[in-house]
Amino acid sequence: MRINMKTLFLIAAVMFCVANLAQAQPGGPDGPGGPGGHDGPPPFMMPGVSPEKCQVIDRIMDETETKLFPLIQEFKVLKAKLEALVVDVKSDEAAIAAQIEEISKVRTALEKVKVEARRKVIKETGVILPPGGPGGHSHMGPPGFPG
């Protein structure tokens, strides 16, 4: 039985995506990965910021993580599909260009969510978070969360 290289790469890309989805499920509020879980992020703390404001920032970041998660997963799937197209010598340049365009749309959506989170933190607390995100929440989203 002979398997086409394109088929082999597509199978590998799908397996990669399924493995990522299985591994990256967000935890509930008291489960693994959640703020109350044993491996959840520590509470947000920043020198000179009151505990009340830190709680508000924590809440906003948790809400934002929920918005970012499906976008991050979609981004990973699209990148895997692009890789499958790139390594297939028979793939169409138009298909590659279309895939790049889809990736650009998801990247734009990710950036919008991160910027909205930073703006919401500023509006509700007056705290300006650094562009790289606070240390306790750096696990959320692509590099640079929350904006």
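User: Is Val 49 buried or exposed?
Analyst: Val 49 counts as buried, at 16% relative accessibility. Buried means under 20% relative accessible area, exposed means over 50%, and partly exposed is in between, with a 1.4 Å probe and protein chains only. Bear in mind that this is a predicted model: local features need pLDDT of at least 70, side-chain atom pairs count only at pLDDT 80 or more, and totals for chains, interfaces and linings use all residues. Residues are numbered from 1 along each chain as its sequence is written, and side-chain values use heavy atoms, with hydrogens and water left out.

User: Where is Val 49 placed?
Analyst: Val 49 is in the loop between helix 1 (5-23) and helix 2. Helices are DSSP runs of H or I, at least four residues, numbered from the N terminus.

User: And what is Val 49 in contact with, beyond its neighbours within four places in sequence?
Analyst: Cys 54 and Val 127, where contact means heavy atoms within 4.5 Å. Val 127 is 78 residues from Val 49 in sequence, yet their C-alphas are 7.8 Å apart in space.

User: Nice. Switching to cores, which residues make up the largest nonpolar one?
Analyst: It has 12 residues, including Leu 68, Phe 75, Ile 96 and Val 113. Helix 2 and helix 3 (93-125) each supply at least two of its residues, and the largest share, 7 residues, comes from helix 2. Val 49 belongs to a second, separate core of 10 residues, along with Phe 44, Met 61 and Leu 129 among others. A nonpolar core here is a set of buried Ala, Val, Leu, Ile, Met, Phe, Trp, Tyr and Cys residues joined through side-chain atoms within 4.5 Å.

User: Where is the kink in helix 2?
Analyst: At Leu 68, shortly before the proline Pro 70, and it is about 30 degrees. That bend is the angle between axes fitted to the seven residues ending there and the seven starting there.

User: OK, charges now. How many salt bridges are there in the whole structure?
Analyst: A search finds 6, counting a side-chain nitrogen of Lys or Arg within 4 Å of a carboxyl oxygen of Asp or Glu. Arg 59, Glu 63, Lys 120 and Glu 124 are linked in a network of them.

User: What does Glu 63 pair with?
Analyst: Arg 59, with the closest N and O atoms 3.2 Å apart, and Lys 120, also at 3.2 Å, N to O. The Lys 120 pair links distant parts of the chain, helix 3 and helix 2, 57 residues apart.
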